[in-house]
Amino acid sequence: QSQLVESGGGLVQPGGSLRLSCAASGFTLDSSAIGWFRQAPGKEREKVSCISSSGGFTNYADSVKGRFTISRDNAKNTVYLQMNSLKPEDTAIYYCAAAFRCGALIDFWGQGTQVTVSS
């Protein structure tokens, strides 16, 4: 069974950093683009970032450009989202998702990890 499992969420103060991980099991991650999405309470899910299967292409939402960095280690079957200079408005459940390429229909989602930015 193909699965994505997110980890690394938690409570952090404004200006702090977190690194989220998205680990794949049951399939080889290097065949998929991986996107990070987030959903805050009462809001729609939004795309945060995406990385192609090779890692040669990345994109970011305007709200996180310059603060977040997506990367992948195909040898470890894992994609990361480094989040710096966190703001309270970054508070949300963060999900990773697999697709054929960035912008394509999502094949499947992880279960999500909570990120809370608060003093």
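Trainee: Which residue does a disulfide join to Cys22?

Mentor: A disulfide is a pair of cysteine sulfur atoms within 2.5 Å. In this predicted model, where local features need pLDDT of at least 70, side-chain atom pairs count only at pLDDT 80 or more, and totals for chains, interfaces and linings use all residues, the S to S distance is 2.1 Å. Residues are numbered from 1 along each chain as its sequence is written, and side-chain values use heavy atoms, with hydrogens and water left out. The partner of Cys22 is Cys96.

Trainee: Is the disulfide of Cys50 and Cys102 right-handed or left-handed?

Mentor: The sulfur atoms of Cys50 and Cys102 are 2.0 Å apart. The torsion about their S-S bond is about -95°, so this disulfide is left-handed.

Trainee: Is Cys102 buried or exposed?

Mentor: Buried means under 20% relative accessible area, exposed over 50%, and partly exposed in between (1.4 Å probe, protein chains only). The relative accessible area of Cys102 is 15%, so Cys102 is buried.

Trainee: What pattern do the disulfides of the protein follow?

Mentor: The count comes to 2 disulfides. With bonded cysteines counted along the chain, the pattern is 1-3, 2-4.
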